[in-house]
Amino acid sequence: MGKLFSIGEVLIDFIPLQKGVALKDVVAFERAPGGAPANVAAAVAKYGQEAAMISKLGNDAFGDFLVEKLVEAGVETDKIYRTGEANTALAFVSLKENGERDFSFYRNPSADLLLSKDEIETAWFQAGDILHFCSVDLVDSPMKQAHKKAIAAVSAADGLVSFDPNVRLPLWEDPEDCRKAILEFLPTADIVKVSDEELDFITGIKDESDAIQSLFVGNVKAVVYTKGAAGAELILKDQKFESSGYSVKAVDTTGAGDAFIGGFLYQLLELHANPENIEEVLRDHQASILQFANASGALTTTGKGAISALPSKEKVEILIEYRN
């Protein structure tokens, strides 16, 4: 059976203790393990499949904390390198009353950006594995080149590549640089997850259907289009499937999209998906895959943080059964 590999940032999210306050006015925070690729790995591991994190952390207390929390979540951490050349990344978050967020990042550079392509071993990847990545660590850095090597290696091994752009414009000097990086890596992915808030920015196309179709470039076989509480769509080149969301009282939306795609990829591992059968697997199991992913994302918003708020597989299944 395959394994999930997530590559990219692992960081500390500092979550405010009060809502509806601008970041400059927040007086107290609590720390939570985070970083989108790490959140996805934790979700897959928590639901019962193997997951490993590929990254680099500082030789600091925050790095120690993150490794500890990933181990607790069941994520393999032997491919996380440590360095004294830079510190572990930090993100300070302010929460609006509806649980939506504003971010301020401290990473100039952070340790994760120093992971080099020479530290990626092609032998890690086997047939049936899935490599997941986002755009935050695609800035010009050694880590960008590490992504390229890892993507090539898992593809050569007959594994799947999953890409969630997860746009964070404050991390880029120019928004156009972010868009160009996303478009550069888009053709390397088999599965692309994009939110309704990101679609227009990435494609520059106003019509939703045309914008989604424009994402089918290179290796892309499926687009997962998430719409928050409204649910999600799974689009193949010739078919579209829709799944409604779950109504919950949101406390913090941090990591909801990561929990969604984590639940989605967990299901693909359970179903032994690979580049040859992925479209067939998605057609045959789209309803249960999307239900699980939507429930995973929704339940994560009911707690603070991302990894710490991930629900158990049992709670996800209970929510699905309750609505059905």
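**Cores and salt bridges in a predicted model**

Leaving aside its neighbours within four places in sequence, L4 is in contact (heavy atoms within 4.5 Å) with V40, A41, V44, E50, A51, A52, I130, H132, L265 and L269. This is a predicted model, in which local features need pLDDT of at least 70 and side-chain atom pairs count only at pLDDT 80 or more, while totals for chains, interfaces and linings use all residues. Residues are numbered from 1 along each chain as its sequence is written, and side-chain values use heavy atoms, with hydrogens and water left out.

L4 also belongs to the largest nonpolar core, a set of 56 residues in which L4, F264, L265, L268 and L282 have the most contacts; such a core consists of buried Ala, Val, Leu, Ile, Met, Phe, Trp, Tyr and Cys residues joined through side-chain atoms within 4.5 Å. Helix α8 (residues 278-300) supplies the largest share of this core, 10 residues, where helices are DSSP runs of H or I with at least four residues, strands are runs of E with at least two, and both are numbered from the N terminus. A second, separate core of 47 residues includes L186, A189, L199 and F216.

Turning to charged side chains, the structure holds 20 salt bridges, each a side-chain nitrogen of Lys or Arg within 4 Å of a carboxyl oxygen of Asp or Glu. One of them joins D190 and K221 (2.5 Å, N to O), linking the loop between α4 (175-185) and β10 (191-195) to the loop between α6 (208-213) and β11 (222-226), 31 residues apart. Both D190 and K221 are buried, that is, under 20% relative accessible area, with exposed meaning over 50% and partly exposed in between (1.4 Å probe, protein chains only).
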